[in-house]
Amino acid sequence: MKKYPFSNKAVKAMLAATIMFAPVAPTSGLLGETTAEASAITGTTCDAIDRVTLIYSKFNANEMALYDRARDGLASENFDWSMVLDSTVKANLNTALSPVTAEGMAKKFAEIIYNPNADQLKTSYSAFLSSAEGSKFESVMGSGTTDTILKFFVDAERALWDVGAGALLSGDLQSIESLIAGIQADLLNDSDYAALNSKLYQVMGTDLEGLYAMKDKINAELVDNGVLTANEVTELRNAFVDAAWRAGEPADPSSSTRDCSLNPPPVTPPLNPPAPGESNNITLPEQAAEVVKEKNPSGRVEVITKIFAEKVDEIVGLITQEKDSVQVKLEKPAVGEAAKAQIPAGLFTKAALKNGKAVVEVSTDEASYKLPAAQIKIADLASKLGANEQDVQIVIAVNVVNEADVKDSVDKNKLKLASKVIEFTVTAEAGTKTEPVSKFSAYVERDITGEFDFDKENSAAVRLNTDGTISAIPTLFNGKTATVKSLTNSKYTIVENDKTFTDVKSGWAQEYIETLGAKYIIQGKATGEFEPGKHMTRAEFAVLLVRALGLPTEQYDKSFKDVLGIEWFAKNGELTAAVKYGVVQGKLDGTFAPNEKITRAQAAAMVERAMKISFVEYDFSQLDKTKTLNDFKDAKQVGSWAKSGVEAVYQAGIVKGKGDGTFNPNGYTQRNEMAAILANFLVSAQLLDDTFSK
């Protein structure tokens with residue numbers, strides 16, 4: 001509940017007024033995403049991260065995709081940071097921070113801001129403090145200045161919820177702006193913030209209010225570069241405001257001094273930690289569910305496992321940081337019947353608040369479906385159904401598909417099935433109304449069980465699309481179990497696909513090429529050739545990344561002057577998907593240049609963008625920080641826009657240097673080289689089994 005009786009409109013307007021340094025995010029948007037637990041915003045960066053997670057858990061898939069595009073746009077080589085900085089500020093920073101540039105400083109700080117994933121955020125935060133820009137900034141401004149700036153922004157939001165009841169009665173914008181001005185003035189009475197404001201003006205020629213104004217220039221540059229439209233900037237801004245409102249009032253500040261670094265000090269283990277080998281599964285309490293048989297409107301009998309609403313709190317009470325997977329085993333249906341679980345929507349909301357990584361796992365003998373609780377946006381679904389949230393039921397179905405129903409698709413694509421075809425569906429229901437839930441902003445894992453052990457090298461998971469085509473899906477294999485990672489629901493199966501190419505009979509890249517071919521990521525030419533020595537184009541690599549990540553395709557929206565939409569890389573929606581998820585970007589002149597050859601630096605930058613996609617959840621702590629760009633003789637030839645990408649893929653072991661000690665950033669990338677780069681990326685991102693000889 002809100003502490004004071006402000007209207008929905010009034011509080012949203014207040015939150016909107018706190019949108020400060022970040023171009024589209026409110027104050028908390030500076031701090032990224034962690035566990036979706038209801039936590040306090042305090043003066044510590046750690047607690048602020050906890051608060052922001054709850055806000056991000058309110059985003060839907062489209063809003064998160066817009067956010068990813070904005071973040072990747074700022075990291076683009078086309079983003080001109082000199083247009084963002086006031087000329088006086090730029091001159092002052094260049095003088096004070098020399099040899100660090102003002103533009104470099106702004107970009108580095110933005111890398112902290114735009115990370116909706118906790119591990120990425122902590123990596124960027126630590127990287128900033130240890131970078132030339134961060135070290136110089138801290139030495140000039142004083143140790144801890146970066147933390148103080150972030151604390152000021154998040155304290156502003158908390159202050160909004162703490163104002164007195166008489167401070168705002170009408171809810172009109174003029175009163176809200178007056179209130180914001182008062183809150184800012186009050187915060188600046190704090191000695192730390194007052195000193196910060198004074199130091200900023202002394203060194204930069206601006207103050208905290210001047211930093212707020214930068215957002216308009218960042219917005220304009222994002223729009224000018226074609227990253228977002230003006231309407232999308234407004235849409236994303238409103239999404240943050242709505243999410244902050246739905247997240248509710250922050251709790252009182254804590255006195256936590258916990259370490260948020262990548263290598264925190266040892267913590268006291270829980271009193272009852274799971275025993276070695278013990279699972280994180282939670283068994284439903286006794287009498288928490290019933291199994292009934294009902295006929296659906298089409299006359300098919302459904303075997304439904306219904307969880308009782310009055311048992312939700314008891315189930316959520318069993319969730320801990322160690323045990324986060326609520327198990328729902330479906331009753332085996334008879335031939336011709338279907339099985340599904342019916343779960344009160346409140347279980348998902350409360351589970352996500354208890355543990356941001358909580359999942360509800362619905363299983364059968366043939367498969368299981370692990371749905372992250374935070375992926376179910378109850379408020380949105382209730383709105384679409386025209387129902388109260390407490391009346392919404394989430395229905396999850398996991399069923400074997402009759403082979404005759406998919407025979408045409410199997411035959412058309414010449415599939416050699418290694419498992420049964422399983423259909424996974426999620427539906428929100430209220431009374432007689434239903435709303436499908438088919439797309440997610442994070443990978444939803446599903447395990448498919450085979451009769452025999454799967455061949456890791458030649459087995460692949462594919463989605464059977466309604467148009468008769470198939471799509472590659474990232475999958476890991478372990479014995480008879482295939483763990484499929486998908487952003488959508490549909491029919492899935494495991495197939496064996498021993499793929500070879502007529503012109504790849506040997507060579508260092510053969511295993512990379514053939515393995516990716518077996519996974520339906522690389523398809524080669526119509527002649528049966530791969531052309532390993534040919535240079536890779538922008539269109540080719542965009543499509544490869546879309547297939548490798550299992551991105552949902554999108555109908556081409558005619559966003560590029562030189563792409564009609566009938567081309568091989570656009571007609572099936574792969575180009576639009578690559579752009580939507582920030583993997584590739586267009587040129588400043590509005591073209592895509594699909595046939596342009598890709599340099600090694602450009603390839604590195606594109607892979608780094610893929611690493612930073614939120615749902616990939618790339619583990620940046622695995623990077624070898626002892627490796628630096630300066631290891632290469634030609635390090636100075638790497639453009640500023642590509643430095644972070646080249647260093648990231650080098651530290652991850654995705655791309656190596658040349659035999660002569662150079663990186664050759666401007667050299668073109670051959671198709672065999674790209675196969676190795678893509679395979680190494682997928683392995684390091686835990687989206688592909690490592691079956692390669694080193």
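**Contacts, cover and charge**

Analyst: Gladly! The side chains of E596 and K587 make a polar contact at 3.0 Å. This is a predicted model, in which local features need pLDDT of at least 70 and side-chain atom pairs count only at pLDDT 80 or more, while totals for chains, interfaces and linings use all residues. Residues are numbered from 1 along each chain as its sequence is written, and side-chain values use heavy atoms, with hydrogens and water left out.

User: Why is the pair E596 and K587 called a polar contact?

Analyst: The term needs a pair of N or O atoms within 3.5 Å; within protein, one must be able to donate a hydrogen and the other to accept it, and residues adjacent in sequence count only if both atoms are side-chain atoms. The two side chains come to 3.0 Å, so the pair qualifies.

User: What makes E596 partly exposed?

Analyst: Buried means under 20% relative accessible area, exposed over 50%, and partly exposed in between (1.4 Å probe, protein chains only). E596 has 30%, so it is partly exposed.

User: Which residues does E596 touch, leaving aside its neighbours within four places in sequence?

Analyst: E596 is in contact (heavy atoms within 4.5 Å) with M536, T537, R538, K587 and Q602.

User: How do you know whether K439 is buried or partly exposed?

Analyst: Its relative accessibility is 46%, so K439 counts as partly exposed.

User: What makes E540 and R671 count as buried?

Analyst: E540 has a relative accessible area of 11%, and R671 has 7%. Both values are under 20%, so both residues are buried. Their side chains meet in a salt bridge of 3.3 Å, N to O. This pair links helix α18 with helix α22, and the two residues are 131 residues apart. Salt bridges that share partners join K525, E531, K534, E540 and R671 into one network.

User: How many salt bridges does a search of the whole structure find?

Analyst: The search finds 22.

How values were computed. Salt bridge = Lys/Arg side-chain N within 4 Å of Asp/Glu carboxyl O. Helix = DSSP H or I, 4+ residues; strand = E, 2+ residues; numbered from the N terminus.
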